[in-house]
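I opened this notebook to record what I looked up in one structure, entry by entry. The sequence and the structure come before the notes.

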Amino acid sequence: MSLKPIYQTIKTVVYFLCVLGGLSMAPSACSQSAPKEERRSLDSPENKKNMTINHNNNPFSIVKTEAEWREQLGPEAYRVLREKGTERPFTSPFETEWEAGIYVCKGCGTELFESKTKFDAGCGWPSFYQAVDKTAVKEIVDKTHGMTRTEVVCAACGGHLGHVFNDGYGQPTGLRYCINGVSLGFKKKEE
Ligand SMILES: [Zn+2]
């Protein structure tokens with residue numbers, strides 16, 4: 001439920017009371033209090049809960065225990081896919097892989113990115129300008145580390161893949177899906 005209409009109603013009522021009361025200082029005092037309340041509502045526990053609801057409720061079709069993921073993925077892929085880690089830049093063999101094929105989720109094998117959408121962003125991670133289709137990945141607002149970014153996860157298993165940025169300069173979509181290579185597998189195109 002949004003509190004915004006309620007705040008706006010309160011703001012309007014208080015403003016008119018101020019004006020009717022004929023207090024010369026009141027309108028500025030009223031207008032100062034409103035943004036403070038809006039800021040507080042953005043940081044409210046309810047708002048934070050909404051931002052992480054995807055993970056808490058586990059809406060993904062492929063669900064495993066942490067022990068199962070750990071055993072299947074090994075330590076580094078587990079750290080990135082399941083604990084939202086980031087691999088060190090320029091360490092993935094996929095960063096310099098240009099063969100034709102399709103990149104799949106290391107967690108569940110879902111096809112995620114086509115090699116023809118891969119480009120050299122020079123950032124140290126495999127980069128793509130779009131996902132294989134809109135339902136393959138899920139994009140989630142990520143406010144960790146003092147930044148607002150858009151996290152990209154596998155829509156089937158929820159595995160963390162990386163982030164998408166608006167700096168895919170010169171690319172058809174203008175987007176850069178900056179993906180951890182350790183989160184991916186590669187299926188070479190059959191001749
Ligand atoms: Zn997956």
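**Entry 1**

I began with Ile-102, whose bridge partner in strand 2 is Glu-114. I take helices (H or I, at least four residues) and strands (E, at least two) as DSSP runs, numbered from the N terminus. I count two strands as paired if DSSP finds at least two bridges between them. Strand 1 and strand 2 pair in the antiparallel sense over 3 bridges. They form a hairpin with 5 residues between them, and Gly-109 in the turn has a positive phi of about 85 degrees. I then looked for the bridge partner of Ile-102 in strand 9, and found Lys-187. Strand 9 covers residues 184-188 and pairs with strand 1 in the antiparallel sense over 5 bridges.

Residues are numbered from 1 along each chain as its sequence is written. pLDDT is the predictor's confidence in each residue, from 0 to 100. The mean pLDDT of the chain is 80, and 70% of its residues reach 70 or more. Over residues 12-56 pLDDT stays under 50, and the model has 19 contacts beyond four places in sequence for this stretch. By contact I mean two residues whose C-beta atoms, placed from the backbone, lie within 7 Å. Where pLDDT is low, the predicted coordinates should not be read in detail.

**Entry 1. The chain as a whole**

I found 6 helices and 9 strands in the chain. Of its 191 residues, 25% count as buried. A residue is buried if 20 or more other C-beta atoms lie within 10 Å of its own, exposed if 12 or fewer, and partly exposed in between, with C-beta atoms placed from the backbone. Among contacts with a separation of 6 or more, 54% join residues 24 or more positions apart.

In what order do the 6 strands of the open sheet lie? I read the order as 3-4-8-7-6-5, with antiparallel pairing. Strand 3 (118-119) and strand 5 (137-142) are the edge strands, each pairing on one side only. Strand 5 pairs with strand 6 (residues 149-154) in the antiparallel sense over 6 bridges, and Asp-142 stands opposite Arg-149 in strand 6.

Strand 8 pairs in the antiparallel sense with strand 4 (residues 127-128) over 2 bridges, and with strand 7 (residues 160-165) over 4 bridges. Phe-128 has Tyr-177 as its bridge partner in strand 8, and Gly-162 stands opposite Ile-179.

**Entry 2. The nonpolar cores**

A nonpolar core is here a set of buried Ala, Val, Leu, Ile, Met, Phe, Trp, Tyr and Cys residues joined through C-beta atoms within 7 Å. Which members of the largest core touch the most other members? Of its 23 residues, I list Leu-112, Val-137, Cys-154, Tyr-177 and Ile-179. Strand 1 (101-105), strand 2 (111-114), strand 6, strand 7 and strand 8 each give two or more residues to this core. Apart from it lies another core, of 6 residues, including Leu-73, Ala-77, Val-80 and Leu-81.

I followed Tyr-177 further. Leaving aside neighbours within four places in sequence, Tyr-177 is in contact with Phe-113, Ser-127, Phe-128, Ala-131, Val-152, Gly-162 and Val-164. In soluble globular proteins, nonpolar side chains tend to be buried together.

**Entry 3. Loop residues**

Most residues other than glycine have a negative phi. Lys-84 has a positive phi of about 60 degrees although it is not a glycine; Lys-84 lies in the loop between helix 6 (75-81) and strand 1. Is Lys-84 partly exposed or buried? I recorded Lys-84 as partly exposed because 17 other C-beta atoms lie within 10 Å.

His-145, also not a glycine, has a positive phi of about 60 degrees and is found in the loop between strand 5 and strand 6. His-145 is exposed, with 7 other C-beta atoms within 10 Å.

Lastly I located Ser-61 in the loop between helix 4 (53-56) and helix 5 (66-73). Ser-61 counts as exposed because it has 11 C-beta neighbours inside 10 Å. The C-alpha atoms of Ser-61 and Cys-157 are separated by 6.3 Å, although the two residues are 96 residues apart along the chain.
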